[in-house]
Amino acid sequence: MTHRIARRAALGVAGTVLAAPALRAQSNTIRIIVPFAAGGSTDAVARLVTPGLTQRLGQTVIVENRSGAAGSIGTDLVAKARPDGLTWLLTFDSHSVMPVLLPSLPFDLTRDLDPVMLIGGAPYVIATKSDKPYRNLADVVEAAKARPDEISYGSTGNGTIGHLTMVLLQSRTGIRMPHLPYRGGGLAVNDAVAGHIEMMIGSAALVAPHIAGGTLRAVAQFGPARLAGLSQVQTAEEAGFQGLTAEAWWGVFAPHGMPGAMVTRMNTALRETLSEARTRQQMEETQQARLVLSDPAGLRTFLDGEVAKWSRVVRENQIRPD
């Protein structure tokens with residue numbers, strides 16, 4: 001009996017000794033929360049940078065997908081996390097329209113989240129099946145004026161930046177184009193390739209492989225300058241629509257109150273990782289990204305502008321989420 005008790009006590013002590021390092025290792029793990037399902041561009045960007053971050057920060061960095069409610073579930077998790085350097089948010093352009101589309105959000109973008117870095121953006125692109133007659137933005141506007149409510153377009157969802165861009169185009173030109181919101185970019189691309197819809201709008205990363213393969217043709221791009229891979233395609237501004245720009249973008253945020261030294265450390269690690277030749281090439285080619293790699297203040301200024309711009313479009317056109 002005495003031997004068994006002693007053995008259990010020894011196991012108990014050993015268990016405690018063994019558990020402590022495991023607990024410390026777990027608590028030292030950095031989580032990058034992606035508020036969308038695995039497989040999308042935000043998830044891809046997060047997984048691209050984690051090896052470099054792990055190396056530079058000297059801690060294990062993992063990606064955790066917390067999807068749902070247009071990204072608000074994962075964002076809320078970060079907004080309520082301790083500002084201890086172990087939880088970060090890597091999110092997408094829909095971040096800027098959440099407050100106006102989902103007014104009952106349990107967090108405030110400005111009050112509860114601190115900016116870390118604007119990684120960069122990729123222009124939204126209007127694309128059409130290669131045998132359709134549209135070759136530039138003027139062709140689209142002309143056709144829509146000649147056939148009101150007949151020239152349909154697809155997007156990746158109601159209230160997305162792509163949808164809002166087309167709403168803005170219609171308000172600037174007086175045209176009316178039926179909107180077909182899809183629950184995901186792949187479905188919209190499939191119907192555009194099949195010719196079931198006249199055209200679609202999506203990020204350059206989404207449509208670039210199909211443009212390169214010849215099944216889709218780019219009609220217009222909405223970045224501030226032409227992408228190298230779409231050098232023959234006019235930007236909307238070049239087509240005469242000043243100020244009509246729209247980019248998919250990726251940004252990193254921290255829970256409010258994160259010490260400045262921690263924010264600077266993460267910003268530096270991200271900048272160094274994304275400046276590596278191989279990583280930069282993957283971002284530019286796979287995501288069609290225009291890298292910015294801003295400081296925290298740059299992301300704050302950018303986000304304020306995006307929120308103001310797209311919130312106005314949502315309110316003026318009484319757009320509601322799906």
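How do the residues of the lining of the largest cavity divide into nonpolar, polar and charged? They divide into five nonpolar, one polar and one charged.

The model is predicted, so local features need pLDDT of at least 70, side-chain atom pairs count only at pLDDT 80 or more, and totals for chains, interfaces and linings use all residues. Residues are numbered from 1 along each chain as its sequence is written, and side-chain values use heavy atoms, without hydrogens and water.

**View 1. Cavities in the structure.** Two cavities of 30 Å³ or more are present. A cavity is a set of points, on a 1 Å grid over the protein atoms alone, where a 1.4 Å probe fits but cannot get out. Its volume is the space filled by probe spheres set on the points, which are joined across faces, edges and corners.

**View 2. The largest cavity.** It holds about 40 Å³ of space. Its lining residues (an atom within 4 Å of a point) are Ile-30, Leu-57, Gly-85, Trp-88, Met-262, Arg-265 and Met-266. Helix 10 (residues 260-275) gives the most, three residues. Helices are DSSP runs of H or I with at least four residues, strands are runs of E with at least two, and both are numbered from the N terminus.

**View 3. Residue classes.** Ala, Val, Leu, Ile, Met, Phe, Trp, Tyr, Cys and Pro count as nonpolar, Asp, Glu, Lys and Arg as charged, and the others, Gly among them, as polar.

**View 4. The second largest cavity.** About 30 Å³ of space lies here. Ile-32, Trp-88, Leu-89, Leu-90, Val-252, Met-266 and Leu-270 line this cavity. Strand 3 has the largest share, three. The lining is seven nonpolar, no polar and no charged residues.

Key. 1 Å grid on protein atoms, 1.4 Å probe; cavity = no way out; pocket = protein on both sides within 12 Å on 5 of 7 lines; lining within 4 Å.
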